[in-house]
Amino acid sequence: MPRETSFEDLIAEGAAAPVEGWAFDWLAGRATEERPPWGYARLVAARMAGVRVALDIDTGGGEVLAEVPHPPPLLVATEAWPPNVPVARANLAPLGASVVAVAGDAPLPFRAAVFDLVVSRHPVRTDWPEVARVLRPGGTFLSQQIGSGTVRELSEAILGPLPPPEHRHPEHAVAAARAAGLTVVDLREVTLRTVFHDIGAVVWFLRKVIWTVPGFTVAAHRPALRRLHDRIRVEGPFVAHARRFLIEARA
């Protein structure tokens with residue numbers, strides 16, 4: 001019988017694996033998450049085929065945008081996390097897309113009313129007035145966003161009980177879009193089962209999805225990680241629930 005991988009070996013694996021970009025291939029066989037039923041990548045590809053000028057905000061490593069089979073003549077992406085910028089440029093070069101490094105809280109570096117389509121998958125935050133400013137009249141904003149309390153079970157397994165979430169509620173996004181002068185034409189919500197099979201997967205996920213446990217480090221959270229490791233060994237895979245919503249708005 002093969003030797004069971006130790007707690008120390010598992011957390012070392014999760015701590016050493018690279019987290020640049022926004023792909024989750026490293027988790028194959030170690031964690032799973034259900035996908036939203038609306039197929040965001042397919043929706044983006046369909047929208048991109050019908051426009052001439054488009055923008056992807058918070059592109060990550062460009063992984064979703066790189067799947068677009070028929071990109072528009074002018075395609076731009078922004079990214080605020082410096083390690084992701086070269087990854088995105090490499091992934092999007094075949095599409096002829098430009099990747100602009102930006103500060104996370106800065107206005108978009110584009111003139112007003114220029115884009116037919118703006119998309120964003122899991123933005124850190126949505127600057128609704130800026131989205132409205134850069135959309136041309138009749139242009140569309142399409143975004144898949146992280147919902148309120150996503151994988152809260154994992155956050156509480158590391159941090160303990162937390163107060164009710166205040167941010168990322170879909171109704172807040174709708175109100176902000178309307179306040180910016182946009183018309184919301186679609187809103188869909190879903191809860192997705194997320195399963196972690198070992199503590200290495202947890203460590204890697206927390207390093208990558210940094211808002212789950214703000215300031216996460218293995219050293220600072222080792223006791224909680226050990227408790228969760230022991231729980232997985234006794235009870236089986238750890239289950240949390242991710243929340244997503246799709247919002248589409250027009251200028």
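This report describes the overall build of a predicted protein model, its salt bridges and a few individual residues.

The model is predicted, so local features need pLDDT of at least 70 and side-chain atom pairs count only at pLDDT 80 or more, while totals for chains, interfaces and linings use all residues. Residues are numbered from 1 along each chain as its sequence is written, and side-chain values use heavy atoms, with hydrogens and water left out.

## Overall build

The protein chain contains eight helices and eight strands. Helices (H or I, at least four residues) and strands (E, at least two) are DSSP runs, numbered from the N terminus. The radius of gyration of the protein chain, taken over C-alpha atoms, is 19 Å, close to the 18 Å that the globule rule gives for 251 residues, so the chain is as compact as a globular protein of that length. That rule is 2.2 Å times the number of residues to the power 0.38. Along the principal axes, the C-alpha atoms fill a box of roughly 60 × 40 × 30 Å.

Of the 251 residues in the protein chain, 50% are buried. Buried means under 20% relative accessible area, exposed over 50%, and partly exposed in between (1.4 Å probe, protein chains only). The accessible surface of the protein chain comes to about 12,100 Å², and 56% of this surface belongs to carbon and sulfur atoms. Accessible areas come from the Shrake-Rupley method with a 1.4 Å probe; for residues, only the protein chains shown count as cover.

The protein chain carries 27 positive and 27 negative charges, whose mean positions are 3 Å apart. In this count Lys and Arg are positive and Asp and Glu negative, while His and the chain ends are not counted. Each charge is placed at NZ of Lys, CZ of Arg, CG of Asp or CD of Glu.

## Salt bridges

Side chains of opposite charge can pair when their charged atoms come close. A search of the whole structure finds 14 salt bridges, each defined as a side-chain nitrogen of Lys or Arg within 4 Å of a carboxyl oxygen of Asp or Glu. Three of these pairs are listed below.

| Pair | N to O distance |
|---|---|
| D198 and R30 | 3.0 Å |
| D116 and R136 | 2.4 Å |
| R226 and D230 | 3.5 Å |

D198 and R30 form a salt bridge with their closest N and O atoms 3.0 Å apart. This pair links distant parts of the chain, 168 residues apart: D198 is in the loop between β7 (183-196) and α7 (199-208), and R30 is in the loop between α1 (7-16) and β1 (31-33). Both D198 and R30 are buried.

The side chains of D116 and R136 also meet in a salt bridge. D116 lies in strand β5 (residues 115-121) and R136 in strand β6 (residues 135-146), so the pair ties together parts that are 20 residues apart in sequence. D116 counts as buried because its relative accessibility is 15%, whereas R136, at 33%, counts as partly exposed.

Elsewhere, salt bridges that share partners join E13, R30 and D198 into one network.

## Backbone and strand residues

Most residues other than glycine have a negative phi. D58, which is not a glycine, has a positive phi of about 55 degrees. D58 lies in the loop between β2 (53-56) and β3 (74-79) and counts as buried at 18% relative accessibility. R168, also not a glycine, has a positive phi of about 70 degrees. R168 is found in the loop between α5 (152-159) and α6 (170-179) and is partly exposed, with a relative accessible area of 26%.

Strand β7 contains L187 and T194. L187 is partly exposed, with a relative accessible area of 33%. Not counting residues up to four places away in sequence, L187 touches P170, V174, F245, L246 and I247. T194 is buried, with a relative accessible area of 2%. Leaving aside neighbours within four places in sequence, the contacts of T194 include T32, E33, V151 and F238.

Technical notes: Contact means heavy atoms within 4.5 Å.
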